[in-house]
Amino acid sequence: MTPSTPTSAPEAMTTATPVGEPSTTTTLVHRPGGGAGEWWRDAVIYQIYPRSFADGSGDGIGDLPGITARLGHLARLGVDAVWLSPFYRSPQNDAGYDVADYRDVDPLFGTLDDFDAMLERAHRLRIRVIVDLVPNHTSSEHAWFRAALAAAPGSPERARYVFRDGRGPGGEEPPNNWTSVFGGAAWTRVTEPDGTPGQWYLHLFDTTQPDLDWTNPEVRDEFEQVLRFWLDRGVDGFRVDVAHGMVKAEGLPDWSGTSAMIDGAHEGELGSEDGSTGAGNRGPMWDQDGVHEIYRSWHRVLAEYDGDRCLVAEAWVEPLSRLARYVRPDEMHQAFNFSFLTTLWRADELRTVVTESLVANDVVGAPTTWVLSNHDVVRHASRLGLEVPGSKPNGIGAGDPQPDEEVGLRRARAASLMMLALPGSAYLYQGEELGLPEHTSLPDDERQDPTWWRSEHTERGRDGCRVPLPWEAQAPAYGFSPTGESWLSQPEAFGRYALDAQRGVAGSTYEVYRSALRLRREFRLGSGSLAWVDGLPNCAADTVVAFVNREILVLTNIGAAALRLPADLELVHASQDLPVADDGAVLVPTDTTVWARVGR
Ligand code: NOJ
């Protein structure tokens, strides 16, 4: 794999271009192409959350044979790749993001042979496979951590993790004041093998997820071997969990900020007691410069393999110029663009984040990624139906303000069509192609996210976006499992969203996505360009997002009034049925995106 050459960001160029009307102007912010044509630059990548995708065994938990059996759905949808959340051996205290053995499949999900069969089937369908790598922490049931507990302070076994003596008389206070992303303290005290109260270990997440010490060469070596293990099996890349957290500031200094994952201050971004958030307020556990050397060494490992294998950073880092450092030519290949995901449903803010994303990544020659939903956030079909559309509660319960389902879905389809027309690589979260809402009335006693109990039942957490998928409206568990078992109960509304209720139905969310993916490929939008369009009739900048990518004008109407589509444009796709005015003009109603061909 040849690293691409960094390019400088294009100067914004404003030109008068006849898009619909002579008065329109376009401002170019991103040129077409770039890079060496690697597949991941413009790929649509579909996130599979294995425990909730499809259950082959009937125990109510999704598994690898279930995935293999349903891959045809993804081939028909037209995705280029899948990313699988963890399926490794794990006690499942954080749904598999607590890995006990990085080289084996948890029996819940199947076997290594099942993995190989799934990979082979995916490749036969021309779908690439990215797996999750969780290097910031292991499970407390990992052999290394068990050995660390059995060994003495100062031993090589303890040196793989972040063990420290406590503060205060008898070491009774934690070594510093850091808090866990899931709530509560980030330190747990151990009992030494001789029965005395002992050292403390660091866990930025749950108590059962001890942080590794990445200054230890043994840790670095082990993860290079893990990469090779999966690369040798044929995987096409890795999504790297908590990529901004692996190196901590020297001396582990106190920090008065809190690290929440989903609310206004995201994981690793940066709330503080003075209420400020965002850039320049980085905690000593996040986005330390030392992480980049790790990714340079991984880049070299991947480059030894054939094909374009890739590394994708899960890094909640702002500003975007800081995030772009993870995708410099000799580091990772992509980073999730959470700034886009967390932008409110406002035209000016969407324009700003899109521009800033493209400019920041163009500086380092990397593709920009786009994402609206994943297994850690309230589904965008529900976020966009909240009173402040796009706001980010940490889960929604029955007693909380409820999203408007119809409005949310309408906006979600509009947002997705905007996203799928942007140049770069787009990530879809399983079920969004069905328009699935969050389960907002999941009984609290079913919740499994550690956030729920670690926050002392103040944050509902992420179970509501992880509910098993509906495949067949009339089948038990909506076709998720052959027995009707389902590890979280599915809301009744899921019947309306089931795949078989939407397949072949013109205008269904599924068919809108499928057409979008086909047209995106046909018009090469993923490797295309972006120029903002201003001055379209009736299109106020604060309520309309309008851009041109290659020959396609993309227009999202966020304002209350319907717009008239300029007559000389040829409609290509729309997120909703479009009404027609008495004089024959096509109307673009509120919360709708259209794709139309220009310059013909
Ligand atoms: C980010 C993952 O996406 C999330 O699900 C997990 O809980 C944390 N990292 C800890 O691994």
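Reply: Helix α11 (residues 405-420) and α15 pack with their axes 10 Å apart, at an angle of about 10°. Please bear in mind that this is a predicted model.

Me: How is such an angle to be read, and what orientation do α11 and α15 have to each other?

Reply: Angles under 35 degrees count as roughly parallel. The helices α11 and α15 are therefore roughly parallel to each other.

Me: Which residues of α11 and α15 meet?

Reply: From α11 come Leu409, Arg413, Ser416, Leu417, Met419 and Leu420, and they meet Thr509, Val512, Tyr513, Ala516, Leu517 and Arg520 of α15. By class, this contact of α11 with α15 comprises 8 nonpolar, 2 polar and 2 charged residues.

Me: At what angle do the axes of α2 and α15 cross?

Reply: The axes of α2 and helix α15 (residues 509-522) cross at roughly 60° and come within 8 Å. An angle between the roughly parallel range, under 35 degrees, and the roughly perpendicular one, 65 to 115, counts as oblique. Helices α2 and α15 are therefore oblique to each other. On the α2 side, His73, Arg76 and Leu77 take part, meeting Tyr510, Tyr513, Arg514 and Leu517 in α15. The residues of this contact of α2 with α15 are 4 nonpolar, 1 polar and 2 charged.

Me: How do helices α2 and α3 cross?

Reply: Helix α2 (residues 64-77) and helix α3 (residues 112-124) have axes that cross at roughly 15° and come within 9 Å. That makes α2 roughly parallel to α3. The crossing in which α2 passes α3 is left-handed. Leu64, Pro65, Ile67, Thr68 and Leu71 of α2 make the contact with Asp114, Phe115, Ala117, Met118, Arg121 and Ala122 of α3. In the contact of α2 with α3 there are 8 nonpolar, 1 polar and 2 charged residues.

Me: Which residues come nearest to the ligand?

Reply: Of the 13 residues around the ligand, the nearest are Asp94, Asp241, His375, Asp376 and Arg462. Polar contacts are read from distances between N or O atoms, with a cut-off of 3.5 Å. A side-chain N or O atom of aspartate 241 is 2.6 Å from an oxygen atom of the ligand. For histidine 375, the distance from a side-chain N or O atom to a ligand oxygen atom is 2.8 Å. Arginine 462 has a polar side-chain atom 2.9 Å from an oxygen atom of the ligand.

Terms used
Residues are numbered from 1 along each chain as its sequence is written. This is a predicted model: local features need pLDDT of at least 70, side-chain atom pairs count only at pLDDT 80 or more; totals for chains, interfaces and linings use all residues. Side-chain values use heavy atoms; hydrogens and water are left out. Axes are lines fitted to C-alpha atoms, for helices over the stretch in contact, and angles run from 0 to 180 degrees between N-to-C directions. Helices (H or I, at least four residues) and strands (E, at least two) are DSSP runs, numbered from the N terminus. Angles under 35 degrees count as roughly parallel, over 145 as roughly antiparallel, 65 to 115 as roughly perpendicular and the rest as oblique. A crossing is left-handed if the near helix is turned anticlockwise from the far one by less than a right angle, and right-handed if clockwise. Contact means heavy atoms within 4.5 Å. Ala, Val, Leu, Ile, Met, Phe, Trp, Tyr, Cys and Pro count as nonpolar, Asp, Glu, Lys and Arg as charged, and the others, Gly among them, as polar. A residue is near a molecule or strand if one of its heavy atoms lies within 4 Å of it. A polar contact is a pair of N or O atoms within 3.5 Å; within protein, one must be able to donate a hydrogen and the other to accept it, and residues adjacent in sequence count only if both atoms are side-chain atoms.
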